[in-house]
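Dear colleague,

I am handing over the structure below, together with some notes on what turned up in it. Please look through it before reading on.

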Amino acid sequence: MTLSASLRVLNSWKLIEHQNCDSLSTPTQRGFPQVTCYFTKEIFLVYLIFNSSQSQRISWISDIIVVVSPENIETMKTIIEKFGHKRVTVVEGGITRHRSIFNGLKVFAEKEFSSHLLQKPEVVIIHDAVRPFVEEDILSKVVMAAKEHGAAGAIRPLVSTVVASAADGCLDHSLERARYRASEMPQAFLFDVIYEAYQQCTDYDLDYGTECLHLALKYCKTNAKLVEGTADLWKVTYKRDLYAAESIIKDNLSQEVCVITDANETVAQVGFLLPEYLKRQIKVETVSISQSRNDSHLQSIFSGQCYNFVCVNDKKCAIQETQQLVHMLEKSDIPLLHPVVLISVYLDISGNNSFSIGMEELASIKKFARETKKKNILVYGLLIQYKDPSLLQETVNSAAALIMALIKDRNPELIGQLLVA
């Protein structure tokens, strides 16, 4: 099936994400799905799914339903408002995974369950919120398979052999690993299939069950199509996984940088060399200061998932240019879901060897950085001393290394500091 045909099918779908980490999906009027997300996990995981999951960025997802425990509903609403999320409906979750998913489904079918009944979808996707790195491709594959077979789910090879223990704690038997697969998320279903399955569930199923595909088979005789998943479907389960997830997020945010320079001859020279060194490690887009003042041009760059900016100017006005860029980012209609890195490069071209930036100017930089941090923008300072032209390449290379370190680490403790290349 061609991609365009797949997109037409997805037109009427919605996506729902479940707190214990499941999510459901379905089609919309314009050919793109809507999303629903549920969470009863810690706020970090909520942040993780909203900021790393594709659900906020894939255009065919039109609704997000967040299912949370009663005591966390207001907190969730605050988070949604803070980050400017659209397409979001908050629903009260249940005490177990299956009960929470069922609550999410009821939003589409039972008026008494929600004051705002969403349009009944044809297909629904269930996805774990603690698998935040799911790609659009696997979502499309399970959706198309569910359209054809009634249900579909991602699978991965087992990495360890599964064994069963006897009552005395000794080995009873083991499974042949090559014959079995690990059931992963996302999973997709025809809405009528999964909703009917949940309606027929026993209390035991709702309280102790874990596999949605099994419910479709048990109650609706629907054999799910198994779709080979990718390695990025791993689950954030243990504390160590949080560090791995943070590292992946930082790496994803460190793929592109926008270098802004002016037409001054010396600045232009540095503005040429700096991107050349940075290109060895990162995608670089270079724009002039006049272009950066164009709201539509800046928004185009930011929409392209660029979260790193370097402003190169002489030391007298570099901070002003950074302030203008911050102002333009705030004015844009794109929510700052991820921390944006702004590095203000001070180019010192004075002939003397004295440190020419005074304490008052340094204090001003720190104050500005503290204020912008509240807006999820991390501002750093970098001084490039241009005194010996023969050392320019070495100095710029050092500056590029510092810039990459700041971009990759995104350390909020270093904001407002002035580093020297």
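A residue is called buried under 20% relative accessible area, exposed over 50%, and partly exposed in between. This is a predicted model, and in it Asp 137 has a relative accessibility of 47%, so it counts as partly exposed. Asp 137 forms a salt bridge with Lys 141, their closest N and O atoms being 3.3 Å apart, and both residues lie in helix H5 (residues 136–149), four residues apart, about one turn of the helix. Lys 141, at 43%, is likewise partly exposed.

The salt bridges come to twelve in total. Among them is the one in which the side chains of Lys 279 and Glu 276 meet at 3.3 Å, N to O, and another joins Lys 374 to Glu 371, with the closest N and O atoms 3.5 Å apart. Lys 374 counts as exposed, at 65% relative accessibility, whereas Glu 371, at 38%, counts as partly exposed. Arg 99, Asp 203 and Asp 207 are linked in a network of salt bridges.

Turning to helix packing, the axes of helix H4 (residues 97–106) and helix H6 (residues 191–200) come within 10 Å and cross at roughly 130°, which makes H4 oblique to H6. The crossing is left-handed, and the residues in contact include Phe 102 of H4 and Tyr 195 of H6. By class, this contact of H4 with H6 has seven nonpolar, two polar and one charged residues.

H6 also packs with helix H8 (residues 212–220) at an angle of about 80°, their axes being 9 Å apart, so H6 is roughly perpendicular to H8.

Notes
Residues are numbered from 1 along each chain as its sequence is written. This is a predicted model: local features need pLDDT of at least 70, side-chain atom pairs count only at pLDDT 80 or more; totals for chains, interfaces and linings use all residues. Side-chain values use heavy atoms; hydrogens and water are left out. Axes are lines fitted to C-alpha atoms, for helices over the stretch in contact, and angles run from 0 to 180 degrees between N-to-C directions. Helices (H or I, at least four residues) and strands (E, at least two) are DSSP runs, numbered from the N terminus. Angles under 35 degrees count as roughly parallel, over 145 as roughly antiparallel, 65 to 115 as roughly perpendicular and the rest as oblique. A crossing is left-handed if the near helix is turned anticlockwise from the far one by less than a right angle, and right-handed if clockwise. Contact means heavy atoms within 4.5 Å. Ala, Val, Leu, Ile, Met, Phe, Trp, Tyr, Cys and Pro count as nonpolar, Asp, Glu, Lys and Arg as charged, and the others, Gly among them, as polar. A salt bridge is a side-chain nitrogen of Lys or Arg within 4 Å of a carboxyl oxygen of Asp or Glu. Buried means under 20% relative accessible area, exposed over 50%, partly exposed in between (1.4 Å probe, protein chains only).
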